[in-house]
Amino acid sequence: MSAEPLFIVLCSPEHEKVQMAAMLASVAAVSDRPVHLFVSMNALLVFRNGISANERYQGGAMSKLMREKKAPDPITMLKQGKMLGQLTVNACSMALDVTGLGLDDLEAEVFDGQLGLTKYLADAEAGELLFI
Amino acid sequence: MAQRQVIDARGAFCPGPLMELIAALKLANVGEEIEVLSSDHGSIKDIPEWVKKVGHEMVGIDQKDGYAAIIVKKAK
């Protein structure tokens, strides 16, 4: 029997929170639990392509330590979760509209598409919803 | 007996060793064993839990100096 799907809304651009969201999403996905990640607000800016790691990952003391010690990169973890498990990643349509970004402006091979909040919330009734 | 594949994930942080193990298991044949070397302290609990959840088989854990050798058999 499949586990209850996990729905994760990521709004924070803080490195520590992006890291935790990517860990939760990828580990759950490879553990036979379908995961649906919805990226909105400032978190969307973290996934812009063509920016440096310094610009992408900003946070506090843990962020500094994780980068010094080369903790797994969140984008790499999400790609692994998609490749090895059931993970879908959608960008928030509203956040795309407001920023003027398109899916082509975001890191390749991370996003499956864009979604509105109403549809995401309706889908999330089938599982557990986390907000980061 | 088939040769056991060894993955050296020492120095990788969570969930790196687990992800490397899963990637190797995807490519392995049923019945083959993978030995993952991990210095991440969580791996000795995380990997057996994952193995149990997805239906593979734990062969054993060998605690070495500063790391663990975790052996998993692909069961399906």
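Let us start with strand 1 (residues 6-10) and strand 2 (residues 35-39) of chain A, which pair in the parallel sense over five bridges. Strands and helices here are DSSP runs numbered from the N terminus, strands being E with at least two residues and helices H or I with at least four; two strands pair if DSSP finds at least two bridges between them. The model is a predicted one, in which local features need pLDDT of at least 70 and side-chain atom pairs count only at pLDDT 80 or more, while totals for chains, interfaces and linings use all residues. Residues are numbered from 1 along each chain as its sequence is written, and chains are lettered from A and ligands numbered from 1 in the order in which they are written.

Within this pairing, Phe7(A) has His36(A) as its bridge partner in strand 2 of chain A, and Leu10(A) stands opposite Val39(A). Is strand 2 of chain A buried or exposed? Five of its five residues are buried, so strand 2 of chain A is largely enclosed by the rest of the structure. A residue counts as buried if 20 or more other C-beta atoms lie within 10 Å of its own, as exposed if 12 or fewer do, and as partly exposed in between, with C-beta atoms placed from the backbone. Both faces are covered: Val35(A), Leu37(A) and Val39(A) are buried on one side, and His36(A) and Phe38(A) on the other.

Strand 4 (residues 113-115) holds Gln114(A), which counts as partly exposed because it has 18 C-beta neighbours inside 10 Å. Neighbours within four places in sequence aside, Gln114(A) is in contact with Asn90(A), Ala91(A), Ser93(A), Leu96(A) and Leu103(A), contact meaning that C-beta atoms, placed from the backbone, lie within 7 Å.

I turn now to the helices. Helix 1 and helix 5 of chain A pack at an angle of about 15 degrees, with their axes 8 Å apart. Axes are lines fitted to C-alpha atoms, for helices over the stretch in contact, and angles run from 0 to 180 degrees between N-to-C directions. That angle makes helix 1 of chain A roughly parallel to helix 5 of chain A, a term for angles under 35 degrees. By class, their contact has 10 nonpolar, four polar and no charged residues. Nonpolar covers Ala, Val, Leu, Ile, Met, Phe, Trp, Tyr, Cys and Pro; charged covers Asp, Glu, Lys and Arg; the others, Gly among them, are polar.

In chain B, helix 1 (residues 16-27) and helix 2 (residues 43-54) pack at an angle of about 35 degrees, with their axes 10 Å apart. The contact is made by Pro17(B), Leu18(B) and Leu21(B) of helix 1 and Ser43(B), Asp46(B), Ile47(B) and Trp50(B) of helix 2.

Finally, how many residues of chain A are in contact with chain B? There are 11, and they meet 10 residues of chain B. Helix 1 (15-30) and helix 5 (74-84) of chain A each supply at least two residues of that side, and helix 1 of chain A gives the most, with four residues.

Terms used:
Two residues are in contact if their C-beta atoms, placed from the backbone, lie within 7 Å. Angles under 35 degrees count as roughly parallel, over 145 as roughly antiparallel, 65 to 115 as roughly perpendicular and the rest as oblique.
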